[in-house]
Amino acid sequence: MAPRFWFWCHRSAWPRIRPPLARNTPTLHFYQQFSTQEKAPQICVVGSGPAGFYTAQHLLKHHPQAQVDIYEKQPVPFGLVRFGVAPDHPEVKNVVHTFTQTARSDRCAFWGNVSVGRDVTVPELQEAYHAVVLSYGAEDHRALGVPGEELPGVLSARAFVGWYNGLPENRELMPDLNCDTAVILGQGNVALDVARILLTPPEHLEKTDITEAALGVLRQSQVKTVWIVGRRGPLQVAFTIKELREMIQLPGTRPLLDPKDFLGLQDSIKEVPRPRRRLSELLLRTAMEQPRAEEAARRALASRAWGLRFCRSPQQVLPTPDGRRAAGIRLAITRLEDVGEAAQAVPTGDTEDLPCGLVLSSVGYKSRSIDPSVPFDPKLGIIPNTEGRVVEVPGLYCSGWVKRGPVGVIATTMTDSFLTSQQLLQDLKAGLLPSGPRPGSAAIQALLRSRGVRPVSFSDWEKLDAEEVSRGQSAGKPREKLVDPQEMLRLLGG
């Protein structure tokens, strides 16, 4: 994460998990039929986040001769594990150890600083490889689609997360935190990540891998109150109990929950699934019960606060009198039709104005089209596919968020990526992929050289990794992330 992988995820939390044992894969025996004398298939994976690495891992594990090359737009690997997981969730990032083992395989190569669709096209990859898997994730955010969205002081949560996590494209974001109140639109794990980072005492972030630039801005922040707004009710929030518990226990803060929002909830949760029931019970206790003396004393001393606002949908970002930046947001008050997950928010016709100096939109991530040759559904934000096979393009596959949309946790993406790998290997076994040798990365490297592109290998990344760790040591941090691609290439002598 949060995107982390709930949104995701949208968020948004990524649990710490171990790679599954082979016996958990139901079609294992199928893969054991591959002959060790069989010619090595050349397979390309685009994207080095969890979807890309899990796809590569499964292919390498279940085909003894497969060669897998991973291409990544950023000079550094790991995607949302590096750029999405919150800096105060280091345990979630442990999955990079598994990915590192995959990348160090003599049948796997990582090539960073290669933007597929710009530096090399998908058809060029298809000519060089027997199969291509698109696993490049969701690089964009869903727009609010309301007047005033373009005003200074309105940011996407995705850009804000990228900024404090060192995503190169967001390194110059410099959000203005010189305001008392921030409003986050959306109630997923990413929204809670953003709220938590805004309200966490900076000294608690000093020993994380948050960028020094972001930490400097947060030290000067004047934000005292964060409202997390959702268009539906308490039973439909998308965050998980872990993230909610962290918010409730966040040092120096107190929750602002209106008991009226939770009337009747006790009866409504009796039949809901256990995870939803436990989450709702924690919300109920926090909103309705008097805290114990120790907790009450802690909240009384809190200088910052956060709250949840329900049944509110953004209608307009309100400008300052001079029209130069955001000064608030007009919310349409909604009511719910139907119940549970099926409940729909319907405007009542009433509105409410909420003053604030910062609006963060956390209503979902969205994938982009990567290449004109690849089918893409702009409404759903996915590549049209059948079980990972891209429709009407033999030999082209997809996995992860670009396959199914930006939902689920890391385990969901792992399973999804394994399923795509299975389809690819089935097609390979059935003779549905090109026969004969393919040049693989040799042809692509020659193309990139001719175009002045300097790919970053995994051993190059390990040099950058060592530099980041070294820079972090003096400040007692696990690392100080490099955020400028040009500086990265200079350090590598490129």
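Predicted model: local features only at pLDDT ≥ 70, side-chain atom pairs only at ≥ 80, totals over all residues.
## Strands S7 and S8, and Trp227

Strand S7 (residues 181-185) and strand S8 run parallel and are joined by 5 bridges. Val183 has Trp227 in S8 as its bridge partner. Trp227 itself belongs to strand S8, which covers residues 225-229.

Is Trp227 buried or exposed? Its relative accessibility is 16%, so Trp227 counts as buried, since the cut-off for buried is under 20%. Leaving aside residues up to four places away in sequence, Trp227 touches Thr181, Ala182, Val183 and Ile184, along with Leu256, Gly307, Leu308, Arg309 and Leu354. One of these contacts, Ile184, is 43 residues away along the chain, yet the C-alpha atoms of Trp227 and Ile184 are separated by 6.1 Å.

## The parallel sheet

Which residues have the most contacts inside the largest nonpolar core? They are Val194, Val226, Ile228 and Trp306, in a core of 54 residues. Helix H7 (residues 189-199) gives the most to this core, with 8 residues. A second, separate core has 39 residues, including Val95, Cys108, Val133 and Trp461.

Val226 is worth a look of its own. Not counting residues up to four places away in sequence, Val226 touches Ala182, Ile184, Ala195, Leu198, Leu199, Ala305, Trp306 and Gly307.

## Strand S3

Strand S2 (residues 67-71) pairs with S3 in the parallel sense over 4 bridges, and Val68 stands opposite Cys108 in S3.

## Helix H11 and its cover

Helix H11 (residues 274-288) has 15 residues, which at 1.5 Å a residue should span 21 Å; its end C-alpha atoms are 20 Å apart, and this agrees.

The buried residues of H11 are Arg276, Leu279, Ser280, Leu282, Leu283, Leu284, Thr286 and Ala287. An α-helix has 3.6 residues a turn, so residues three or four places apart point the same way. What covers the buried residues of H11 includes helix H9 (241-248), helix H10 (265-268) and helix H12 (293-300), together with strand S9 (253-256) and strand S10 (304-309).

## The antiparallel sheet

Another open sheet has 3 strands in the order S11-S12-S13, and here the pairing is antiparallel. Strand S11 (312-319) and strand S13 (344-355) stand at its edges with a single partner strand each, so one side of each is left without a neighbour in the sheet. Neighbouring strands of this sheet are turned by 20 degrees against each other on average, direction ignored.

S11 pairs with strand S12 (residues 326-337) in the antiparallel sense over 7 bridges. Ser313 stands opposite Ala332 in S12.

## Cysteines

How many disulfides does the structure hold? The count is 0. For Cys179, which is in no disulfide, the nearest cysteine sulfur is that of Cys356, 7.5 Å away; a disulfide needs sulfur atoms within 2.5 Å. Cys311 is also in no disulfide, and its nearest cysteine sulfur, again that of Cys356, is 19 Å away.

Cys179 has a relative accessible area of 14% and is buried. Cys311, with a relative accessible area of 17%, is buried too.

## Two loop glutamates

Finally, two residues with positive phi deserve a glance. Glu387 sits in the loop between strand S16 (385-386) and strand S17 (389-390), and its phi is near 55 degrees, a positive value in a residue other than glycine.

Glu392 is in the loop between S17 and strand S18 (396-398). Although Glu392 is not a glycine, its phi is positive, at about 65 degrees. With a relative accessibility of 82%, Glu392 counts as exposed.

Conventions:
Residues numbered from 1 in each chain as written. Heavy atoms only, no water. Buried < 20%, exposed > 50% of the residue type's maximum accessible area, 1.4 Å probe, protein only. Contact = heavy atoms within 4.5 Å. Core = buried A, V, L, I, M, F, W, Y, C linked by side-chain atoms within 4.5 Å. Pairing = 2+ DSSP bridges. Axes fitted to C-alpha atoms, helices over the stretch in contact; angles between N-to-C directions. Expected span 1.5 Å × (residues − 1).
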